[in-house]
Amino acid sequence: MMPKLLQQGVLSYQQRLAARIRWFVLILFMPVLMLLIFHFLIKENWAMVTAFSISLFGFLASYHFHQKHSDALSSLILLSSLYILYLLSLFAVSEGQQQIYYWVLVLPILNIFINRLIHQLVWLVILLIPLLLPSWFAEGGEFEGSYTNIAVALIVISVMLYFVKEFFLRSEQNIHHLNRELEYQQKIVDSSVPMLKMDLNGEITYASLAISRILGRSVSNIVGKNYTDLKLISLSNDPQVWLSERKFWGGILYSEVGPKSYWLDAMIRPEYDAFSNKTGYLLIAENITRQQSLEKQANHDQLTGALNRRVFDEFIFQTIEEFNRHKDPVCLVLCDIDHFKEVNDTFGHLTGDDILKEFYKIMDESLRQTDSLARWGGEEFAILLPMTNVDQALTVIEKLREKVEEHVWPKNISLTSSFGICQLQQGWSSKEWFEQTDNALYQAKDQGRNRVIVCS
Ligand SMILES: Nc1nc2c(ncn2[C@@H]2O[C@H](COP(=O)(O)OP(=O)(O)OP(=O)(O)O)[C@@H](O)[C@H]2O)c(=O)[nH]1
C-alpha cells in the first residue's frame with residue numbers, strides 16, 4: 001500500500017493545479033472586465049458600467065475566497081461570479097458587441113479544470129442554457145451563427161478537454177508519485193546512512209542527517225567545511241590518500257564527540273561526470289559504534305580498560321605464529337605492583353581500584369600503539385612488545401618503572417613495581433614463554449622488588 005504521505009501528495013498536486021487555474025482566471029478576466037467597464041463608460045451606458053463594476057468586485061471577492069479555501073464551495077462561488085459576468089457579456093453581445101462574445105468560450109473550459117466531474121456536468125448545462133435559448137438575445141443581436149451549433153461545439157470541446165485534462169493529470173500524478181516515492185526513500189537513506197560528498201579539494205558539498213548526528217553538528221555546519229575539519233581519525237591507513245592518486249579508500253574511522261565516541265566502517269570513492277572527469281568524492285559509512293562497544297566489552301577488562309586475558313592469549317598465539325615465519329624479535333613483559341595488598345589493607349579496596357586504573361593509564365601512555373597491554377591477574381599486567389629486542393624492551397620498561405616510582409599517587413601513597421622481560425625464542429610455546437617471563441618477575445620480587453629482570 002502507498003504511504004499516506006504519498007496519497008496526500010495527490011491532493012497537493014490538485015491544489016497546485018487549482019492555484020495555477022486561479023491565476024489564469026485572474027489574468028484573463030481582469031483586463032476583459034476593465035475593458036468592458038471603459039467601453040460602457042465611453043458609451044455612457046451607466047447601467048452596464050454599474051453591472052460590470054459590481055461583477056468585478058464580486059469576481060475579485062470570490063477569487064480571494066477561492067484562493068484562501070480552494071474547496072468545492074469556493075469554486076462554486078467563483079464560477080457563479082463568472083457566470084454572472086458571462087450572462088452580462090451575452091447581454092452585451094445582444095447589444096451588438098459580438099466580438100466580446102467569444103471570450104465567454106473560456107468559461108466552460110475553466111469549468112473543466114476547476115470542478116470535479118459531477119460539478120463539471122452541472123455547470124456545463126447551466127453555462128449552455130443561454131446558448132440553447134437563441135431567441136433570448138437573437139432579437140436585438142446581430143450574431144448570425146446557430147446558437148445550438150455553438151452549444152454542441154462547446155459540449156464537444158468540453159468532453160475533449162475533459163479527457164485531455166484527465167490524461168495530463170494522470171501522467172503528472174504518476175510523475176508526482178514517483179518523485180514523492182524517491183523523496184521518501186531519499187529521506188530514509190539520508191537519516192539512516194552516514195554519507196558525505198566532497199569536491200576535489202575535500203570541501204564538503206553534502207552531508208546526510210545520519211552523519212550529522214554522529215558528528216554532533218548540524219548539516220549546515222558541516223556543508224562548506226573541509227573534510228579535515230571533521231577530525232575523523234583513521235585507525236588504518238590515512239584516508240587523506242583519496243585526495244591524492246588513490247581511487248578508493250576503505251577503513252575504520254573514529255570520531256569523538258564530547259564524552260562519546262563513534263566508529264564508522266567507511267568507504268570513500270571518487271565520483272565522475274558524464275565525460276569521465278573526476279568531480280569529487282563520496283563517503284558512505286556504516287555506524288559500527290554498537291558492535292565496537294560490544295566488542296570492547298567482550299575484549300577488555302572492565303575496571304582498567306586494558307585488554308583481557310582471553311584476547312591477550314589470542315595475541316600471544318598469533319605472535320608466536322608470526323615469529324615462526326618472520327623471526328622478528330618480540331618481547332613479553334609481566335609486571336606487578338609491589339606490596340599491593342598493603343595498599344588495599346591500609347586504604348581500602350576503592351583506593352586500590354583507583355591505583356590500578358592509574359597504573360594502567362601510565363603504562364598505556366608510555367607504550368606504542370602497536371604494543372598490547374592486558375590485565376593478567378589482580379594487580380598484574382602483561383605487555384607484548386612486537387619488533388622489539390630485549391635491550392630495547394629493557395630501556396622502555398626501565399623508564400616505565402621509574403615513572404611508576406616517581407608518580408604522585410592518590411593519598412600520597414608511595415608505589416613501586418617489578419617487571420620480568422623475556423624475548424621469544426625459537427620453538428617456544430606460549431606456556432614456556434610465560435613461564436620464563438614469570439620466572440624473571442619472580443626474581444625481580446625476590447631481589448627486593450622495584451626492578452626489571454630479563455630472563456636468562
Ligand atoms: N583494589 C583491588 N585489589 C585487587 C584487585 N585484584 C587483586 N587485588 C589485590 O591485590 C593484592 C595482591 O596481593 P599479593 O598477591 O599478596 O601481592 P602484593 O601485596 O602486591 O605483594 P608482592 O606482589 O609480593 O609485591 C591482593 O590484596 C588482592 O586482593 C582489584 O581489582 N582491585
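## Basis

Residue numbers start from 1 along each chain, as its sequence is written. Because the model is predicted, local features need pLDDT of at least 70 and side-chain atom pairs count only at pLDDT 80 or more, while totals for chains, interfaces and linings use all residues.

## Nonpolar cores

The largest nonpolar core holds 41 residues. Such a core is a set of buried Ala, Val, Leu, Ile, Met, Phe, Trp, Tyr and Cys residues joined through C-beta atoms within 7 Å. Buried means that 20 or more other C-beta atoms lie within 10 Å of the residue's own, with C-beta atoms placed from the backbone. Val333, Phe381, Ala382 and Ile421 have the most contacts inside this core. Strand 7 (residues 330–337) gives the most to it, with 7 residues. Strands (E, at least two residues) and helices (H or I, at least four) are DSSP runs, numbered from the N terminus.

What does Phe381 touch, leaving aside its neighbours within four places in sequence? Its contacts (C-beta atoms, placed from the backbone, within 7 Å) are Ala306, Cys335, Met363, Leu373, Ala374, Arg375 and Trp376. A second, separate core has 19 residues, including Tyr262 and Leu283.

## Helices 14 and 15

Helix 14 (residues 349–366) packs on helix 15 (residues 390–406) at about 145°, with axes 10 Å apart. Axes are lines fitted to C-alpha atoms, for helices over the stretch in contact; angles run from 0 to 180 degrees between N-to-C directions.

Helix 14 contributes Phe359, Ile362, Met363 and Ser366. Helix 15 answers with Lys399, Leu400, Lys403 and Val404. The contact divides into 5 nonpolar, 1 polar and 2 charged residues. Here Ala, Val, Leu, Ile, Met, Phe, Trp, Tyr, Cys and Pro count as nonpolar, Asp, Glu, Lys and Arg as charged, and the others, Gly among them, as polar.

An open sheet of 5 strands runs in the order 8-9-7-10-11, with mixed pairing. Strands pair if DSSP finds at least two bridges between them. Strand 8 (372–375) and strand 11 (452–454) each have a single partner strand, so one side of each lacks a neighbour in the sheet. The twist averages 20° from one strand to the next.

Strand 8 pairs with strand 9 (residues 380–386) in the antiparallel sense, over 4 bridges. Ala374 has Ala382 in strand 9 as its bridge partner.

Strand 4 (residues 249–257) and strand 5 (residues 260–272) are joined by 9 bridges. Ser255 has Tyr262 in strand 5 as its bridge partner.

Definitions and conventions
Buried ≥ 20, exposed ≤ 12 C-beta atoms within 10 Å, placed from the backbone. Contact = placed C-beta atoms within 7 Å.
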